[in-house]
Amino acid sequence: MEFKTLLTSAAIVALSAGFASAQDDATLSVDGEVIKTRADAPAFAENLDTVYSGWHFRTGETQVLQMDDFENPAFVFVDQGVDLFDKVEGSEGKACASCHEDVADFAGLRPTLPRVENGELVTMEDLVNECRTDRMGAEPWKYSGGQMTAVTALIGLQSRGMSINVAVDGDAASFFERGKDLYYQRVGQLDMACSNCHEDNYGVMIRADHLSQGQINGFPAYRLKNAKLNSAHGRFKGCMENIRATPFKVGGDEFKALELYLAARGNGLSVETPSVRN
Amino acid sequence: MRNIFTIAAVSVLSVTTAVAETAPSDVAFQDGSVMASLTGTAGDASAGRKTFMNRKLGNCLACHTNDDMPEQQFHGEVGPPLTGVGDRWEAAELRGIVVNAKMMFDGTIMPAFYIDSGYERPLKKFDGKSLLTAQQVEDVVAYLLTLKD
C-alpha cells in the first residue's frame, strides 16, 4: 500500500507542475513477475526511440489494479472464459477443452498474432471462431462480444510476460504496409490520423486524457469507463468515432491490418493481457 | 401597419445574413489569414467563450490551456497555451487559424473548424458539415481577442 501512495503522489506532482508529464518510470510486476512495459522501438518505427505500454500513462490508482490479479477487475471475465472453455456447444457435442486439454498449452501464441495463414491474415478471434464453426459445429461468437473477449483474455493470459514478436516480413509484408498506411492516414471530420495522437503527442494531456502510444500488448483490456473487456478492434473503433470518422468494420481487413502493424510496433514489450485502463 | 414593418424588417435581415455569410468553400485566405468577417456581424465574445470550452463545439480546451478558464478542470497540452493570444495575433490571423489552421501551420493536428469537405470517411451525420458555423467562428475570434496578457 505504501507503493500506491507513492505512485499517486508522483502523479499529483506531475499534474500540478502542469507540464507534459510523459510516461512515468514505475515498474509493473504482477505477483512478483516483472512485465516489460518499455523496450527499444523496432527499427521500422522510425519516429520512436522507445515503446511504452499504455500502463505508464495511467494514474497510480489505475496502475495498481493491474499489479494483483485479485484486484484486477478483468479477472471476473477471465473466470467466465474458464467456464466457456469447458462448455459443450454445437453439433459435435464438444467443448474447447475436449480438444485443448490444458489452456496453458496456448502459452506462446498471443505474442505471434496476428499471423498469415495461406495468404490470409488471421487474428486470435479468427482462430477461435474457426474452431467453433469448423470443429464444434457451433455458431461463431460475435467478434468483440463478451464471450469472445473472455476467452481471448484467458488464452492471452497464458502468455503474460512473454515478449511480443509479430512477424512483419515475408507473407506478412503486404498486410504490414496496409496497416502502416492506415495508421498514418487522416480521417474523419477532425481529419486526424492515429499517429497524430499516439506518435506525435503521446505523453501529453488531451483535455482529461493522458495520451499513450496506443499499444495493444494489454488487449483485451478492461476499461473502468465501461466496466468490461474491450477488444483491440473495439478500441480502434472508439478512437475513429472520436475523430468523427466512420470506423472500419470490426474483424474486417482494415482493422486486422492495423492490428498487425500496431502489434508489431510493440515488439519487445511483454504481453500484459488482461490490462486495466480508464 | 406596425406588424407589416416588423415582418419586412425580419425578412430583409435574414436575406442580408444569407448573402453576407461566406460559405466554407468561398473563404479567401491571404498567407493563412482571413481578412473579411464571415458574416458581417460582429462576433460575441461571451458566446465565443462558451463555444471555446464546449466539448461538442470548439472543444479548444482539448488541446490548449487557457488561464481565463480556471473553472474548467481539464486543459489539454497538445497545442500552445492560449493565454495572451490576443496580443500575439491580429483578428484576421486568428480567423484564418480557426477557419483552417492548416493554412497557417502546415500539417498541424489542429482541426479546421470551418470546412465542409476535403476530409475522408466522416461519420454520416457530419458529412458535408463544418465543426462550427460562420457566426460561431466570429464569436470565437472575438473571444480570443479578449485574451490579453
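Into which domains is chain A divided? In this predicted model, chain A is split into domain 1, made of 2-71 + 163-277, and domain 2, which covers 75-157.

Figure 1. Chain A contains 10 helices and 11 strands, and its C-alpha atoms fill a box of roughly 60 × 45 × 30 Å when the extents are taken along the principal axes. The radius of gyration of chain A is 19 Å, which agrees with the value near 19 Å that a compact globule of 278 residues would have. Of these 278 residues, 43% count as buried. Among the contacts in chain A with a separation of 6 or more, 72% are accounted for by residues 24 or more positions apart.

**Figure 2. The two domains of chain A and the contact between them.** The centres of the two domains, taken over C-alpha atoms, are separated by 24 Å. To the contact, domain 1 of chain A contributes 25 residues and domain 2 of chain A contributes 22 residues.

**Figure 3. Close-up of the side of domain 1 of chain A that touches domain 2 of chain A.** The elements that give two or more residues to this side are strand 10 (228-230), helix 9 (232-242) and helix 10 (253-265) of chain A. Helix 10 of chain A gives the most, with 5 residues. Sorted by class, this side of domain 1 of chain A holds 13 nonpolar, 7 polar and 5 charged residues.

**Figure 4. Close-up of the pairing between strand 9 and strand 11 of chain A.** Strands of a sheet pair through backbone hydrogen bonds, in either a parallel or an antiparallel manner. Strand 9 of chain A, residues 221-223, pairs with strand 11 of chain A in the parallel sense, over 3 bridges. Within this view, A:Arg223 stands opposite A:Arg277, a residue of strand 11 of chain A.

How values were computed: Residues numbered from 1 in each chain as written. Chains lettered and ligands numbered in written order. Predicted model: local features only at pLDDT ≥ 70, side-chain atom pairs only at ≥ 80, totals over all residues. Domains from an automatic or database assignment. Contact = placed C-beta atoms within 7 Å. Helix = DSSP H or I, 4+ residues; strand = E, 2+ residues; numbered from the N terminus. Nonpolar A, V, L, I, M, F, W, Y, C, P; charged D, E, K, R; others polar. Pairing = 2+ DSSP bridges. Rg over C-alpha atoms; globule rule 2.2 N^0.38 Å. Buried ≥ 20, exposed ≤ 12 C-beta atoms within 10 Å, placed from the backbone.
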